[in-house]
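These are my notebook entries on one structure.

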Amino acid sequence: MEEAVSIGWQILDALAAAHDAGVIHRDIKPGNIFLCRTDGIGVLDCRPKLVDFGVAANTDAHIARTGDIIGTPAYMAPEQALGYELDGRADLYALGCIGFFLLSGRLLFERNGSLPMMMAHITDAPPELKSHVPNYLPAELSAVLLRCLAKKPNGRPSNARALAAALKAIHIPPDQAWSEAQAQAWWAARKPKAEPVAHDDRIAATQLAQRGVA
């Protein structure tokens with residue numbers, strides 16, 4: 001849990017710099033977060049790096065208003081799945097999906113296929129995180145994650161820096177932290193039922209509109 005929180009706020013520092021420059025990543029997912037070793041050997045001794053800005057959008061040029069859906073359905077904000085104009089809060093939703101995955105060992109929504117996955121992000125309430133986390137879960141961490149996963153952008157933290165500050169303020173008592181062996185055993189028993197779909201698997205927004213969700 002300490003590792004998940006540490007990874008989260010460090011990635012948010014990178015996102016804050018990108019958003020300040022008017023750039024939305026649009027494909028925040030575990031495969032685009034690298035843990036680069038520093039002086040130690042554990043995850044807490046690694047520095048997370050946010051990579052692959054290949055489908056990023058410049059908000060000043062309104063590149064985000066494409067009508068096509070670009071991103072990875074397993075981590076896609078509702079407004080992104082609908083092909084709407086985006087701002088940085090879409091990236092915060094994706095990071096909330098990653099946080100759910102790191103803490104529970106499962107995707108936020110486990111569906112077969114890209115369209116059912118995207119529909120779940122648009123219409124379904126997030127699962128109760130506490131029921132999927134077998135160890136101690138701070139109430140403030142659960143609350144922060146739930147805010148990230150709000151369906152409407154204005155229900156999420158206002159920006160990356162505000163979310164980073166909230167994560168840094170979370171305290172996890174040492175006696176509640178898992179050992180490395182406990183964490184490895186937990187992860188070994190978990191495997192998502194649905195694999196994330198690559199960002200080049202695009203679906204026109206009109207297909208969603210025809211289903212009455214746009």
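This is a predicted model: local features need pLDDT of at least 70, side-chain atom pairs count only at pLDDT 80 or more; totals for chains, interfaces and linings use all residues.

**Entry 1: the largest cavity.** The largest cavity holds about 200 Å³ of space. I searched the whole structure and found 4 cavities of 30 Å³ or more.

I then asked which residues lie nearest the centre of the largest cavity. They are Gly8, Leu95, Gly99, Leu145 and Leu167, out of 17 residues that line the cavity.

Next I looked up which helices supply the lining. At least two lining residues come from each of α1 (2–20), α3, α5 and α6 (160–168). Helix α3 gives the largest share, with 7 residues. I also sorted the lining by class: 14 residues are nonpolar, 3 are polar and none is charged.

**Entry 2: α3 against α5.** I turned to the packing of two of these helices. Helix α3 spans residues 89–104 and helix α5 spans residues 139–148. Their axes come within 8 Å and cross at roughly 140 degrees. Angles over 145 degrees count as roughly antiparallel, and α3 and α5 are therefore oblique to each other. I noted that their crossing is left-handed.

On the α3 side, the contact is made by Leu92, Tyr93, Gly96, Gly99, Phe100 and Leu103. On the α5 side, Leu141, Leu145 and Cys148 take part. I counted the classes in this contact as 7 nonpolar, 2 polar and no charged residues. Two of these contact residues, Gly99 and Leu145, I had already recorded among those nearest the centre of the largest cavity.

**Entry 3: α1 against α6.** The second pair I looked up was α1 and α6. I recorded an angle of about 165 degrees, with the axes 8 Å apart. This angle is over the cut-off of 145 degrees, so α1 and α6 are roughly antiparallel to each other. The crossing of α1 with α6 is left-handed.

From α1, the contact includes Val5, Gly8, Trp9, Leu12, Asp13, Leu15, Ala16, His19 and Asp20. From α6, I listed Ala160, Arg161, Leu163, Ala164, Leu167 and Lys168. By class, I found 9 nonpolar, 2 polar and 4 charged residues in this contact. Gly8 and Leu167 belong to this contact, and both also stand among the residues nearest the centre of the largest cavity.

Note on methods. Residues are numbered from 1 along each chain as its sequence is written. Side-chain values use heavy atoms; hydrogens and water are left out. Axes are lines fitted to C-alpha atoms, for helices over the stretch in contact, and angles run from 0 to 180 degrees between N-to-C directions. Helices (H or I, at least four residues) and strands (E, at least two) are DSSP runs, numbered from the N terminus. Angles under 35 degrees count as roughly parallel, over 145 as roughly antiparallel, 65 to 115 as roughly perpendicular and the rest as oblique. A crossing is left-handed if the near helix is turned anticlockwise from the far one by less than a right angle, and right-handed if clockwise. Contact means heavy atoms within 4.5 Å. Ala, Val, Leu, Ile, Met, Phe, Trp, Tyr, Cys and Pro count as nonpolar, Asp, Glu, Lys and Arg as charged, and the others, Gly among them, as polar. On a 1 Å grid over the protein atoms alone, a cavity is a set of points where a 1.4 Å probe fits but cannot get out, and a pocket is an open set with protein on both sides within 12 Å along at least five of seven lines; lining residues have an atom within 4 Å of a point. Grid points are joined across faces, edges and corners, and a volume is the space filled by probe spheres set on the points.
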